[in-house]
Amino acid sequence: MAVMLARRLASAAVAAFLSALAVFLLMRAVPGDIVAQMLGQSGTDRTAEEALRAFFGLDRPAHAQFLDWLGRTLAGDLGRSWYQGRPVSAMIAEAFGVTAQLAALTLAVATLIGVPLGVVAGIREGTRIDTAIQTFNLLGLSAPVYWVGLMLLVGASAFLGWSPPFIWRDFADDPAENLAIMLLPVISLAILQAAAYSQFVRGLMVAELRREHIRTAIAKGLAPHEIYFKHALRNVLIPLTTFMGLILVQILGGVVVIESLFSLPGLGRLILSGLQGRDYPVVQGALLFVVLIAIGINLLVDLLYAAIDPRLRP
Amino acid sequence: MIAAATLAGTRITPGLALSLGLLAAFAVLIVAPGLIAVQSPYDVDPSRALLAPSAQHLFGTDDVGRDVFARIIHGTRITLGLVAGSLLLSALVGGGCGVIAGYAGGWFDLAAGRLADMILTFPPIIAGVVITGVLGQGAGNLVLALAAVYLPTFFRIARSGALAEAARTYVEAARALGFPEWHILLRQVLPNVLPLVVLQYVILFPLALQIQAALGFLGLGVAPPTPDWGATLEQGKNFILVAWWLSLWPGVFLLASAVAVTVLGRALRERLGGD
Amino acid sequence: MRDFVIGRREALLAGLALAGLPRAAAASDDLLYGPTDPQARRSGRVTVGSLVEPPALDPFRQAADARIRVSVLMYQGLFFEDQSGVARPLLARGAEVSADGLTWTFPLREGVRFHTGQTMSSADVKYSYDFLRDPRNGSPGAGDLSSIAAIEAPNPATVVFRLSRPNAALPMTLTNKYGAVVPAGFLDDPNSGTRMNEISVGTGPFKLRSFRPNSAIVLERFAEYWQPGQPHLDEITFAVMPNSAAMAVALQARRIDLAVFSRPQDTQPLERAAGLEVRRWPSLGQRSLDLDCNYGPLKDVRVRQAIALAIDKKTVMDAAIAGYGQVLGTMVAGMQDAWGVPLDRLPNQKVDLDRARRLLAEAGHPDGFEIDLTTIIGYDWMDPAALTIAEQLRRVGIRANIKRIELGVWIRNFRAREMGFTFNDWGTTPDPSLLFYRHFRAAPQGADFRNWNNAKASALLDRGQEVSDPAERRRIYAEFQMLLAEEVPTIMLFSADLLTVNTARLRNYHQHGTGWYFGLAKAWVAS
């Protein structure tokens with residue numbers, strides 16, 4: 001187990017380094033830099049351009065810039081935003097707070113809706129209820145998230161005369177306003193994830209109910225709820241946890257569009273606006289953070305699998 | 001083709017029938033959109049801008065007066081074609097590398113594996129945004145960006161398949177009989193890995209469709225006047241209060257095509273005995 | 001809907017009376033930032049929705065228009081760019097110019113305080129403009145001040161600008177687009193630029209309370225502001241909105257009090273809504289089609305003329321902004337009456353397909369040619385305009401392929417003078433020199449983004465800057481405009497009217513032609 005852990009960690013570290021390098025190179029491959037944006041259509045003086053480029057260290061060779069950034073990043077310093085002047089780590093923390101809340105709420109709603117639906121569909125396999133739930137799953141998995149969001153926004157306005165507040169408030173400052181902002185984005189994301197959950201749980205339940213010990217339990221005349229909840233569901237819980245990890249990665253990846261659609265100041269927007277403004281420290285820091293989270297979750301899922309199923313251990 | 005061959009003999013459920021029907025309809029739209037939509041998807045006429053749906057314009061018109069029905073119908077080929085093409089590219093390159101890596105191992109396996117890990121750590125939409133940012137706009141670059149996003153998935157599937165095949169006794173037997181390595185790879189390993197790749201292709205298709213449309217929605221899709229569904233959605237989002245038809249129909253078509261392919265994917269997976 | 005609150009006639013009269021040189025301050029203080037409402041009183045907070053957000057708030061080093069819109073409420077220059085074309089004294093009390101036009105003396109307002117509590121003196125003014133004009137400090141506004149040789153502060157209430165060549169547009173240059181008067185020494189800190197995202201150090205009616213990127217900027221009333229009784233609003237929140245539909249939804253739900261739109265389709269659902277006021281205002285901005293005179297077939301002036309002759313600006317405007325604007329010749333709508341040449345006197349304005357085809361044939365393209373037409377992602381009006389223009393060009397055989405690029409890439413290309421054939425969307429401070437000089441004067445004095453490199457145009461632009469007699473200036477710029485229309489380095493398409501929608505409780509908001517939020521300094525809230 002220790003050897004496997006070490007090996008996994010090493011390969012995760014390599015992936016992280018390659019990602020950091022890729023992030024750095026990709027950023028510089030996008031044409032145009034912050035200096036052009038700051039000077040716009042007015043500041044055409046070469047002296048001004050060179051002065052600003054020197055100020056940001058953009059006049060130095062790329063490899064020197066990379067090594068410098070890497071060194072500082074390893075020392076735990078992601079630098080400061082070129083526009084905002086705030087530490088990138090603080091900006092990531094702030095934005096991640098928003099994204100994490102969005103992900104957590106989505107996960108909670110999706111679990112509360114998806115798991116019961118999946119269990120019911122599994123127990124009632126082949127009935128009309130099952131068909132209805134499966135249809136929901138199919139539609140939920142197929143509808144573009146931002147399209148659902150757009151329709152919800154318009155629907156709320158047209159039929160309820162309601163709109164989200166749009167100006168961000170942290171939950172700690174103003175819980176009601178915060179939840180009002182989160183409402184539509186969470187619903188749009190949760191429909192997809194609830195469908196994914198429900199589909200997954202249904203599959204597990206169906207497989208579980210066909211197994212020997214359940215059949216034995218049925219033959220013994222145990223009450224149905226005991227069969228379902230004591231035997232079947234318990235075995236479903238472990239794969240469910242790992243699936244949660246996958247869903248989380250998926251949510252983190254899918255928030256960019258939803259954050260843009262609803263003006264949420266989360267990680268996706270931070271990366272997008274950083275990209276547009278060519279704020280290299282912000283994009284590099286935030287992308288690296290997202291990559292590390294994805295690597296971390298994948299690692300955790302792998303380890304969990306290995307803990308459950310010894311055959312997966314190398 | 002392979003999908004059809006694999007499906008042969010499968011019980012046709014109502015869902016599968018619906019899916020196959022939809023796919024057939026989409027095939028018609030792809031091959032001969034002009035049969036269904038007689039109006040031009042490109043004709044600009046500001047004097048008939050944002051007209052509501054009517055007998056003349058079934059899905060209404062957009063902000064420069066183009067017929068939305070024609071644009072959606074003609075957009076089928078663009079949208080589904082782009083996704084199909086990029087996944088095909090991804091399957092060929094990723095799958096090919098995966099088979100070689102799994103069968104041959106060694107440094108190639110190691111290097112390609114790390115590269116795949118790296119790509120996989122980027123959330124798909126962000127990866128797409130960054131790549132289109134570097135390469136610039138355009139259909140070709142969109143295909144490349146989408147292909148890159150799914151490269152590691154195909155690589156992993158093909159690699160693990162090839163790894164399992166390589167350990168089989170018939171491969172050892174073939175080697176003992178003196179068959180050259182390339183022959184074993186092409187004749188023994190590949191045919192057994194192929195169904196896995198095809199299945200993955202069908203499973204990824206709806207996901208890639210969403211990413212493609214999301215990139216279009218962020219303004220990073222194909223350039224106008226090409227009638228792509230995601231781009232039509234992006235165009236419609238500003239007019240959604242006055243012209244809902246501009247946003248509704250591309251979403252419905254995206255939904256329908258994703259449903260059709262998903263159902264097909266499930267049938268295939270059952271057939272192949274996967275879980 | 002009320003049309004044009006500030007009439008074109010009124011602008012014309014003001015322009016004729018005062019064009020160019022500002023007189024003494026007099027009673028014009030009432031007109032700073034917009035008309036004064038006698039009923040206005042100290043009142044409440046408002047929220048303004050905006051589709052764009054400033055990347056940062058530094059008025060010295062950020063060129064983004066989104067920055068200017070907001071920072072004009074916190075920072076002030078010596079003059080206010082009244083959209084009638086008059087530079088009204090703001091921190092200056094007036095202006096006196098020597099007979100040779102080389103020495104400008106500006107008496108300053110007294111008792112002006114910075115947000116930091118210090119009192120403004122001539123040393124601060126000298127410090128701030130010296131910083132702004134030194135190109136090593138990296139300000140986009142430095143180039144406009146290149147005629148300044150030295151700034152002196154003979155006493156605390158007077159500054160003197162000494163010029164190396166006369167510049168009739170100097171007061172209009174010392175307005176609020178770039179730079180501001182800030183406390184002497186503040187900018188010495190290399191991180192002063194980003195400090196301005198946390199605190200404001202200007203003299204303006206509002207000061208910064210907080211700025212959270214991707215979310216909101218909050219300004220609060222500056223209690224020690226120098227204009228008595230102003231401003232009226234206690235607090236303004238600028239909220240970033242995802243798209244214009246969301247902005248309309250938020251207005252209907254009273255989540256925001258004010259928003260500026262540029263396409264009437266966006267405001268159409270709001271026109272019948274109770275409690276919302278939709279208004280149209282003339283603009284100092286222009287939507288244009290730029291032609292890089294070094295780019296492929298565009299090198300030939302006949303090709304550029306053929307393109308101009310094939311384009312029907314009215315139809316393009318109808319497609320892009322449903323007709324809510326004014327078709328342009330060679331002058332932005334807000335300055336047409338004061339400075340523009342009537343459209344029927346300019347060459348190459350009327351569609352003439354036969355002549356276009358002839359010109360193309362003479363230029364060696366009897367069957368037309370293929371060319372990339374660039375639009376910018378996020379500029380919603382450009383795609384419909386591009387589709388329409390592509391259609392119009394096809395009639396003379398030119399096949400335009402629309403290419404969309406991201407703003408950052410576009411700016412890079414533009415600055416590198418590699419713009420190709422592209423749309424542009426830009427505004428101006430209301431003076432013809434500030435409008436034309438940088439864009440069309442040959443290098444090195446101008447930037448000449450379109451590689452026009454026209455000696456005659458350059459000579460006219462130099463003259464226009466030096467001459468101070470208003471009638472003579474108008475004659476020079478008329479001649480320049482004829483040349484611009486004849487040679488076609490740019491095709492000014494139209495000015496899009498600014499559309500504001502506000503809740504009924506927000507009173508006396510007047511939209512400035514630049515699109516900046518000056519009007520909030522005079523607005524108030526009825527309870």
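1. Burial in chain A: of its 314 residues, 43% are buried, where buried takes 20 or more other C-beta atoms within 10 Å of a residue's own, exposed takes 12 or fewer, partly exposed is in between, and C-beta atoms are placed from the backbone. Bear in mind that this is a predicted model, in which local features need pLDDT of at least 70 and side-chain atom pairs count only at pLDDT 80 or more, while totals for chains, interfaces and linings use all residues. As for labels, residues are numbered from 1 along each chain as its sequence is written, and chains are lettered from A and ligands numbered from 1 in the order in which they are written.

2. Make-up of chain A: you'll find 12 helices and zero strands there. Helices (H or I, at least four residues) and strands (E, at least two) are DSSP runs, numbered from the N terminus. Along its principal axes, the C-alpha trace of chain A spans about 85 × 60 × 35 Å. Take the contacts in chain A between residues at least 6 apart in sequence: 73% of them join residues at least 24 apart. Contact here means C-beta atoms, placed from the backbone, within 7 Å.

3. Chain C against chain A: 46 residues of chain C and 40 residues of chain A make up this contact. On the chain C side, the elements giving two or more residues are helix H5 (192-195), strand E10 (233-240), helix H6 (244-252) and helix H13 (407-415). H13(C) has the largest share, with seven residues. By type, that side of chain C splits into 23 nonpolar, 15 polar and eight charged residues. Nonpolar covers Ala, Val, Leu, Ile, Met, Phe, Trp, Tyr, Cys and Pro, charged covers Asp, Glu, Lys and Arg, and the others, Gly among them, are polar.

4. Chain B against chain C: here 18 residues come from chain B and 25 residues from chain C. The chain B side has 11 nonpolar, five polar and two charged residues.

5. A sheet in chain C: four strands form an open, antiparallel sheet in the order E4-E5-E7-E6. Strands count as paired if DSSP finds at least two bridges between them. Strand E4 (96-97) and strand E6 (148-155) of chain C are the edges, each pairing on one side only. E5 (residues 103-107) and E7 (residues 158-163) of chain C pair antiparallel over five bridges, and Thr103(C) sits opposite Arg162(C) in E7(C).

6. What packs on that sheet? Helix H3 (residues 122-133) of chain C does, touching E6 and E7 of chain C, with its direction at about 170° to that of E6(C). Axes are lines fitted to C-alpha atoms, for helices over the stretch in contact, and angles run from 0 to 180 degrees between N-to-C directions.

Definitions and conventions. Contact = placed C-beta atoms within 7 Å.
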